[in-house]
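Here's a quick tour of a two-chain model, written for someone who likes cut-offs spelled out. Have the viewer open and follow along.

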Amino acid sequence: MKLLIAFVLIALIISFIADKQKTWLGIKKGLKMFLNLLPAIISVLILVSIALFFLPEELIIEYLGEESGITGYIFAAMAGSIALIPGIVAYPMAGMLVKSGVGYSVIAVFMTTLMMVGFFTLPIEIKFFGKKVSLIRNFLFLVAALLIGLFMSIFYQL
Amino acid sequence: MKQFIKKNKINLAVIGVFSVFTALSFFIDYQPGKLIFREHFYPFFQGMIIFLPVMFILIGLGDVWINRDKVEKHIGKDSGIKGIILVIFLSMAQVGPLYGAFPVTYLLWKKGASIRNIFIYIGAFCTIKIPMLTFEIGFLGWKFSLLRTAASIPAIILIGILMEKIIGKKNFKIKQP
């Protein structure tokens with residue numbers, strides 16, 4: 001995190017030297033986006049906090065932990081495909097879940113399907129690509145998400 | 001301000017109820033309420049509240065500096081490897097949800113981008129956006145982010161190639177709803 005903050009600072013300085021006005025505009029745009037999303041982020045964190053209170057850590061580790069096997073992946077893939085959480089909100093949530101015992105590879109499957117497979121956005125996608133192409137695309141990405149999860153589990157279990 | 005409240009009605013209600021519940025819990029010494037706040041909510045919130053604004057400033061900067069039109073000219077049908085790389089870079093600079101990518105693919109298709117590049121764009125848009133990567137690194141760590149990106153890029157390119165093979169070059173159309 002510290003490294004990232006330093007990186008942003010350097011970017012800011014370079015941007016400021018290059019163009020003062022553009023930089024201010026960028027800062028304003030970014031902070032406006034932040035304020036717009038802040039309520040959503042905080043309320044998701046609240047809901048996850050409450051859920052974590054009721055779900056004992058052993059249970060989470062057993063069903064969603066690094067060694068939960070295929071059940072964890074299937075659950076993560078289903079949740080990720082149907083959920084409609086913006087990525088920016090999902091990362092803080094994922095960070096919280098990992099600290100509570102959910103496996104990294106399970107999180108990878110969840111995040112990948114969340115980003116790439118959209119069950120409820122399928123009607124929108126069909127309007128652009130047509131039925132066949134949309135279904136194939138979602139299916140291929142679902143498979144890819146599971147493979148990405150498997151790949152990561154190899155490294156996390158080493 | 002009015003619009004902000006309207007758009008965030010449910011979220012603000014959740015935050016309001018939680019704040020009152022937490023305040024009361026501390027006041028009457030209700031253990032579960034104190035625990036939810038102290039053990040789960042607060043440690044995470046604390047780290048996030050410094051990190052997030054900084055990341056959003058980066059997103060804002062990217063938004064003002066990156067010119068999408070320039071890149072879009074170079075990803076046509078015969079663009080080959082160069083096209084793939086450009087598409088990946090173009091999509092990395094974007095923000096927004098999956099369905100935000102569809103209108104962009106329509107523009108790309110109209111400008112003559114290949115099927116392969118269009119689906120690579122979608123895949124890359126979903127998985128390796130720079131703003132998202134900064135969040136990922138911040139909340140899940142370098143190792144996670146590197147591994148996931150390393151696995152995702154080949155998967156995305158492969159899916160692009162597969163899609164082009166399955167659909168065939170001729171009968172593909174993107175409509176604008």
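Helices here are DSSP runs of H or I with at least four residues, strands are E runs of at least two, and both are numbered from the N terminus. By that count, chain B has nine helices and zero strands, so its elements, read from the N terminus, go α-α-α-α-α-α-α-α-α.

A word on bookkeeping. The model is predicted, so local features need pLDDT of at least 70 and side-chain atom pairs count only at pLDDT 80 or more, while totals for chains, interfaces and linings use all residues. Residues are numbered from 1 along each chain as its sequence is written, with chains lettered from A and ligands numbered from 1 in the order in which they are written.

**Chain B on its own**

Call a residue buried if 20 or more other C-beta atoms lie within 10 Å of its own, exposed if 12 or fewer, and partly exposed in between, with C-beta atoms placed from the backbone. Chain B has 177 residues, and 37% of them count as buried. Two residues are in contact if their C-beta atoms, again placed from the backbone, lie within 7 Å. Take the contacts in chain B between residues at least 6 apart in sequence: 73% of them join residues at least 24 apart.

B:Met1 sits in the segment before helix 1 (2–7) of chain B. It counts as exposed because it has 5 C-beta neighbours inside 10 Å.

**Where the chains meet**

The contact uses 61 residues from chain A and 59 residues from chain B. On the chain A side, helix 2 of chain A gives the largest share, 21 residues. Sorted by class, that side has 45 nonpolar, 10 polar and six charged residues. For the classes, Ala, Val, Leu, Ile, Met, Phe, Trp, Tyr, Cys and Pro count as nonpolar, Asp, Glu, Lys and Arg as charged, and the others, Gly among them, as polar.

**Two helix pairs**

Axes are lines fitted to C-alpha atoms, for helices over the stretch in contact, and angles run from 0 to 180 degrees between N-to-C directions.

| Helix pair | Angle | Axis distance |
|---|---|---|
| Helix 6 of chain A and helix 7 (residues 115–127) of chain B | about 130 degrees | 8 Å |
| Helix 4 (residues 70–82) of chain A and helix 8 of chain A | about 135 degrees | 11 Å |

Angles under 35 degrees count as roughly parallel, over 145 as roughly antiparallel, 65 to 115 as roughly perpendicular and the rest as oblique. Helix 6 of chain A is therefore oblique to helix 7 of chain B, and helix 4 of chain A is oblique to helix 8 of chain A.

Between the chains, A:Thr112, A:Met115 and A:Met116 meet B:Gly123, B:Cys126 and B:Thr127. Within chain A, the pair is joined by A:Tyr73, A:Ala77 and A:Ser81 of helix 4 and A:Leu142, A:Ala145, A:Leu146 and A:Gly149 of helix 8. Here the classes come to five nonpolar, two polar and no charged.

Leaving out residues up to four places away in sequence, A:Val117 touches A:Gly80, A:Ser81, A:Asn138, A:Phe141, A:Leu142 and A:Ala145.

A nonpolar core is a set of buried Ala, Val, Leu, Ile, Met, Phe, Trp, Tyr and Cys residues joined through C-beta atoms within 7 Å. The largest one has 83 residues, and A:Ala94, A:Ile107, A:Ala145 and B:Tyr121 have the most contacts inside it. Helix 3 (residues 31–65) of chain B gives the most to this core, with 12 residues.
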